[in-house]
Amino acid sequence: MTEEAQTAEAAEQDPRRERLAVAIGVAAWILPGFGHALQKMWGRALACFLTVGALVVIGAGMRGNLFTSDGGDAFASLGYIADLGAGGFYLVAKSLEVNGADVSRADGDYGTRFLAAAGVLNLLAALHAYEAARGRKA
Amino acid sequence: MFLHLSHFQAMVLFALAISVAFGFLSRRPPVERVKYILWSLLLFLLIGVGIGWMMYPFSR
């Protein structure tokens with residue numbers, strides 16, 4: 001067994017560390033970069049915050065479609081999950097889109113992808129922060 | 001607020017943001033990060049433009 005796997009297994013056996021890792025993962029989801037900042041990974045924290053923030057601002061600026069919970073079909077539900085991945089920045093995007101989405105232009109369609117990518121990227125970063133908190137080499 | 005970006009500008013911004021995030025998350029030494037970011041950005045752009053050209057015959 002590798003050292004990395006042993007550390008992860010040790011974390012599973014230590015409930016306190018596991019709970020802390022989950023809390024860090026949730027914090028990273030709510031505020032992009034916060035999970036890494038809590039672990040003093042300043043470069044990663046800043047990179048996550050800025051990239052997710054930039055994708056959200058550009059996506060909302062291009063009037064991308066920000067999905068809501070009452071989407072109606074499977075694609076809308078998946079889009080909602082992806083958008084929600086941005087955590088607190090979902091609300092930022094909502095507040096920026098005062099005139100609503102406009103997907104009749106290519107800009108709006110691209111904006112939708114930017115918003116979804118921001119959410120998925122933040123979920124990936126939150127998972128990374130969670131794994132790092134469990135002791136996995138990051 | 002309404003941003004008007006060309007297809008290429010949108011692709012470059014998207015590729016840049018994703019490359020930077022991936023570079024910081026997957027590599028720790030600064031030189032490795034920069035290499036990864038540049039390589040990833042280049043591949044994003046080359047593959048994006050390549051797929052665009054592949055679709056050209058069907059665009060009209």
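## Close-up views of a predicted model

**View 1. The fold of chain A in a predicted model.** Among contacts in chain A between residues at least 6 apart in sequence, those joining residues at least 24 apart make up 72%, a contact being a pair of residues whose C-beta atoms, placed from the backbone, lie within 7 Å. Chain A has seven helices and zero strands, where helices (H or I, at least four residues) and strands (E, at least two) are DSSP runs, numbered from the N terminus. This is a predicted model, in which local features need pLDDT of at least 70 and side-chain atom pairs count only at pLDDT 80 or more, while totals for chains, interfaces and linings use all residues. Residues are numbered from 1 along each chain as its sequence is written, and chains are lettered from A and ligands numbered from 1 in the order in which they are written.

**View 2. Helix α6 of chain A (residues 88–96) and its buried residues.** F89(A), Y90(A) and A93(A) are the buried residues of this helix, buried meaning that 20 or more other C-beta atoms lie within 10 Å of a residue's own, and exposed that 12 or fewer do, with C-beta atoms placed from the backbone. Seen down the axis of α6(A), the buried residues fall within an arc of 115° and therefore line one face of the helix, the arc being that of the directions from the helix axis to the C-beta atoms. They pack against α4, α5 (74–84) and α7 of chain A, whereas the face turned away from the buried side carries the exposed residues L91(A) and S95(A).

**View 3. The contact of chain A with chain B.** Chain A gives 20 residues to this contact and chain B gives 15 residues. On the side of chain A that touches chain B, the elements giving two or more residues are α4 (42–61) and α7 (106–133), and the largest share, nine residues, comes from α4(A).

Key
Two residues are in contact if their C-beta atoms, placed from the backbone, lie within 7 Å.
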